Amino acid sequence: MATHEDAAMERLEAAFLAARRGDSQAVLNLIASDTALLTARDAANASSLLHIASRLSAAPLVAHLLLLRADTEARDRGFRTPLHLAARADAAAERLPLPQPAAPSAGRDGSRLAAVKALLSARARVTARDGFGFTALHHAAAAGHTDVVELLLSLPTAMGMPRAPLESETNAEERPLHLAAMGGHVETVRRLLERGSHPEKANYVGHTALHLAVQGGDAPAMLRTVQEMIKREWRANLNAAAADGSTPLHLAAAGGHGRMVSVLLSAPNIKRHGNARTVDLRAVDKRGRTAAEVAAAGGFDDVVKLIEDEVMKRERRDAAAPAEQHAALLTAMKQMRVERPSQHENAMHSVEEENCDVDDDSDAAELLE
């Protein structure tokens with residue numbers, strides 16, 4: 001004979017299973033029969049029903065649970081709030097194998113933005129940190145959810161709330177830009193930079209966001225991310241040295257990432273803090289090694305050749321620079337002579353104009369006579 005505790009456990013399991021399907025009506029029916037389910041937690045992650053609905057972007061269920069006053073600040077085993085999970089929205093991590101596929105009418109609309117907005121409307125805190133020091137903005141950036149990033153950074157105008165802290169640091173001193181770059185989320189990286197995220201801030205080992213993107217290697221998403229970060233408008237430091245002295249070029253060379261090395265070498269040359277900004281091919285790490293030497297140590301001869309060819313190209317360009325500058329100066333001076341007549345020529349033009357005026361007056365006088 002089933003006991004009261006057994007029945008309660010069955011309702012709990014049924015409620016969490018329905019939540020993972022996004023079946024709002026089934027969850028609400030179970031809560032109506034047992035209000036304790038609203039604050040109940042699962043055994044695996046100490047997640048509440050609101051945690052699960054938020055992570056699955058089940059916006060209708062999130063809204064219903066909030067109407068029943070579900071706790072927006074409840075913490076799971078990772079010290080994450082429902083807003084953290086809604087911002088990350090990695091539904092696959094929460095969904096459990098089901099006996100059969102959930103019905104299309106289960107009620108889960110997949111709208112992470114709607115779920116996030118519902119939680120924010122219920123005054124969920126955007127500054128709350130989880131066990132790793134992540135805010136909701138960190139989670140959204142790490143997942144590459146640009147729409148959520150934009151919403152969190154637009155709260156003063158969008159919802160009249162304080163905006164998410166753009167430069168808050170995790171326990172590893174990583175900012176949202178670090179996490180977006182590490183994941184190769186180029187659109188999110190661009191949006192964070194447009195919003196004023198600082199490209200030179202480093203984590204606890206001295207890696208900038210560019211270091212972390214470069215470490216992703218030759219994957220297309222990582223190459224696109226680095227191509228974005230080295231654009232002129234962001235003025236990123238291509239030669240930032242980590243704690244071990246490695247620059248982004250060192251990391252690309254160490255991994256044998258030839259395409260990434262080529263992208264770094266193609267960075268536009270602009271003025272930065274009074275100096276030319278380009279990749280320093282002779283920069284050494286704390287062990288005194290250049291990027292070419294790091295590549296050679298790893299047996300990446302193709303990368304070594306890429307770097308050495310660039311060294312020779314720059315040497316030829318530097319050698320030709322004085323002559324080119326002299327020629328350009330001469331051309332400019334000749335152009336100035338053509339466009340700006342001398343003082344003597346100006347004086348002669350003035351005399352001629354005066355004579356013309358006198359002649360014109362004499363002719364007019366003769367006609368009057």
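## Close-up views of the predicted model

**View 1. Ala-46 sits in the loop between helices α2 (24–33) and α3 (49–55).** The structure is a predicted model, in which local features need pLDDT of at least 70 and side-chain atom pairs count only at pLDDT 80 or more, while totals for chains, interfaces and linings use all residues. Residues are numbered from 1 along each chain as its sequence is written, and side-chain values use heavy atoms, with hydrogens and water left out. Helices are DSSP runs (H or I, at least four residues), as are strands (E, at least two), numbered from the N terminus. Phi of Ala-46 is near 60°, a positive value in a residue other than glycine. Ala-46 has 15% relative accessibility, so it counts as buried (under 20% relative accessible area; exposed is over 50% and partly exposed in between, with a 1.4 Å probe and protein chains only).

**View 2. Arg-235 is in the loop between α13 and α14 (248–254).** Here too phi is positive in a residue other than glycine, with a value near 50° for Arg-235. The relative accessibility of Arg-235 is 40%, which means that this residue counts as partly exposed.

**View 3. Ala-141 is part of helix α7 (residues 136–143).** With a relative accessible area of 0%, Ala-141 is buried. Leaving aside residues up to four places away in sequence, Ala-141 touches Val-149, Pro-176, Leu-179, Ala-180, His-185, Thr-188 and Leu-192 (contact: heavy atoms within 4.5 Å). Thr-188 is 47 residues from Ala-141 along the chain, and their C-alpha atoms are separated by 6.5 Å.

**View 4. Helix α13 (residues 220–229) includes Arg-224.** Which residues of α13 are buried? They are Met-222, Leu-223, Thr-225, Val-226, Glu-228 and Met-229. What covers these buried residues includes α10 (176–182), α11 (186–194), α12 (209–214) and α15 (258–265). Arg-224 is partly exposed, with a relative accessible area of 45%. Between Arg-224 and Gly-184 there are 7.7 Å in space, C-alpha to C-alpha, and 40 residues in sequence.

View 5. Residues 244–266 are 65% helix and 0% strand, with end C-alpha atoms 25 Å apart.

**View 6. Leu-329, Leu-330 and Met-333 make a nonpolar surface patch of about 260 Å².** Patches are made of residues with over 30% relative accessible area and no salt bridge, with like charges joined within 9 Å and nonpolar side chains (Val, Leu, Ile, Met, Phe, Trp, Tyr) within 5 Å. A salt bridge is a side-chain nitrogen of Lys or Arg within 4 Å of a carboxyl oxygen of Asp or Glu. Accessible areas come from the Shrake-Rupley method with a 1.4 Å probe; for residues, only the protein chains shown count as cover. Met-333 is placed in helix α17 (residues 301–339). At a relative accessible area of 36%, Met-333 is partly exposed.
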